[in-house]
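Dear colleague,

I am passing on the structure below, followed by an account of what was found in it. Please read the account with the model open beside you.

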Number of protein chains: 2
Amino acid sequence: MSLHKPLYATPQDAEAAFYDAIEHADLEAMMSVWAEDEEIICVHPGGPRLAGYAAVREAWRRIFSGGQRLYVSLSQQIYLTGMLLSVHSLHEHFSLSRDVGPTAPVVATNVYVRGALGWRLMTHHASAAPSDTQADMKKTLH
Amino acid sequence: MSLHKPLYATPQDAEAAFYDAIEHADLEAMMSVWAEDEEIICVHPGGPRLAGYAAVREAWRRIFSGGQRLYVSLSQQIYLTGMLLSVHSLHEHFSLSRDVGPTAPVVATNVYVRGALGWRLMTHHASAAPSDTQADMKKTLH
């Protein structure tokens with residue numbers, strides 16, 4: 001584990017760094033968010049399960065190499081935090097410009113783990129929701 | 001919380017009960033696996049995020065009302081268990097018969113939470129993997 005990496009004092013700090021890395025297409029920043037001591041898991045929308053640092057890194061490298069800047073806003077966060085693990089459920093909204101309105105959400109489950117150097121991302125599972133998804137299905141079904 | 005519900009001593013026990021409920025299309029057994037004290041989250045493949053007991057229950061009721069018996073086998077389990085939370089990543093393989101060979105996996109992230117009455121399911125996030133997915137992408141990318 002390298003000591004010069006940033007320390008995330010809370011899972012929210014790690015999450016902010018994760019989405020900031022996406023917006024900046026910054027591979028090194030992205031990978032510094034992930035845990036190094038665990039078998040990390042990443043599932044991109046429609047994609048296979050990627051397990052392990054090398055596979056996760058290679059997929060982000062390909063995504064960022066496209067050169068297309070992405071903006072992402074988050075909504076509908078639900079957190080449950082324990083001593084070692086923190087589970088975040090949220091909606092991601094991607095767009096190519098800050099001026100674009102809300103897009104169909106990507107549903108994400110992010111799990112953070114606390115280690116000697118603070119909180120790191122252990123699992124990112126993302127999947128596209130149907131385009132007619134309301135802001136939160138809870139509102140329509142309850 | 002009802003006291004007559006089963007007690008799951010480990011997250012693995014709760015997970016076994018979850019998949020057993022799917023195989024038996026048993027709605028009451030299914031819902032007894034879920035936590036009642038947390039805001040539970042369920043994402044079916046290609047579906048929206050369902051939040052809360054009522055929305056999660058209604059979706060399983062619809063799935064089970066189809067009358068089609070499903071068999072499910074699991075593979076590629078990766079667990080990380082803390083004091084309060086346990087995160088399981090795995091591949092689900094569904095089929096209509098015990099005789100059918102392996103099918104394209106559904107990737108699942110299951111999170112269990114420990115409460116007064118043992119471990120319960122808090123999050124089930126499932127998404128279909130591409131049909132050409134190997135048993136584990138780690139093997140092909142490393």
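The expected span of a helix is taken as 1.5 Å times one less than its number of residues, while helices (H or I, at least four residues) and strands (E, at least two) are DSSP runs, numbered from the N terminus.

Some conventions come next. This is a predicted model, in which local features need pLDDT of at least 70 and side-chain atom pairs count only at pLDDT 80 or more, whereas totals for chains, interfaces and linings use all residues. Residues are numbered from 1 along each chain as its sequence is written, and chains are lettered from A and ligands numbered from 1 in the order in which they are written.

Chain A as a whole

The secondary structure of chain A consists of 4 helices and 6 strands, and along the sequence these follow the pattern α-α-β-β-α-β-β-β-β-α. Of the 142 residues in chain A, 39% are buried; a residue is called buried if 20 or more other C-beta atoms lie within 10 Å of its own, exposed if 12 or fewer, and partly exposed in between, with C-beta atoms placed from the backbone. Two residues are in contact if their C-beta atoms, placed from the backbone, lie within 7 Å, and of the contacts in chain A with a separation of 6 or more, 50% are between residues 24 or more positions apart.

How the two chains meet

How many residues of chain A are in contact with chain B? There are 38 of them, in contact with 38 residues of chain B. Among the elements that give two or more residues to this side of chain A are helix H3 (53-64), strand S5 (106-115) and strand S6 (118-128) of chain A. The residues on that side divide into 21 nonpolar, 11 polar and 6 charged, where Ala, Val, Leu, Ile, Met, Phe, Trp, Tyr, Cys and Pro count as nonpolar, Asp, Glu, Lys and Arg as charged, and the others, Gly among them, as polar.

Chain A is superposed on chain B by a rotation of 180° with 0.0 Å of shift along its axis (RMSD 0.0 Å). The two copies are thus related as by a two-fold rotation axis; the superposition is by least squares on the C-alpha atoms of residues with pLDDT of at least 70 in both. Because 100% of the interface residues of chain A are also interface residues in chain B, the copies meet through the same surface.

One residue to look at here is A:Ser127, which is found in strand S6 of chain A and counts as buried because it has 26 C-beta neighbours inside 10 Å. Leaving aside its neighbours within four places in sequence, A:Ser127 is in contact with A:Pro45, A:Val106, A:Val107, B:Val43 and B:Ser127.

In H3(A), the buried residues are A:Ala55, A:Val56 and A:Trp60. They cover an arc of only 130° around the axis, which puts them on the same side of H3(A); the arc is that of the directions from the helix axis to the C-beta atoms. The face turned away from the buried side of H3(A) carries the exposed residues A:Ala54, A:Arg61 and A:Arg62.

In chain B, helix H1 (residues 11-23) has 13 residues and reaches 19 Å from its first C-alpha to its last, close to the 18 Å expected. Its buried residues include B:Ala14, B:Phe18 and B:Ile22, and the buried residues of H1(B) pack against helix H2 (27-33), strand S3 (71-81), strand S4 (85-95), strand S5 (106-115) and strand S6 (118-128) of chain B.

B:Ala14 is also one of the residues that touch the most other members of the largest nonpolar core, which has 65 residues; such a core is a set of buried Ala, Val, Leu, Ile, Met, Phe, Trp, Tyr and Cys residues joined through C-beta atoms within 7 Å.

A:Ala25 has a positive phi of about 50° although it is not a glycine, and it lies in the loop between helix H1 (11-23) and helix H2 (27-33) of chain A. With 17 C-beta neighbours inside 10 Å, A:Ala25 counts as partly exposed. In chain B, phi of B:Ala25 is near 45°.

With best wishes
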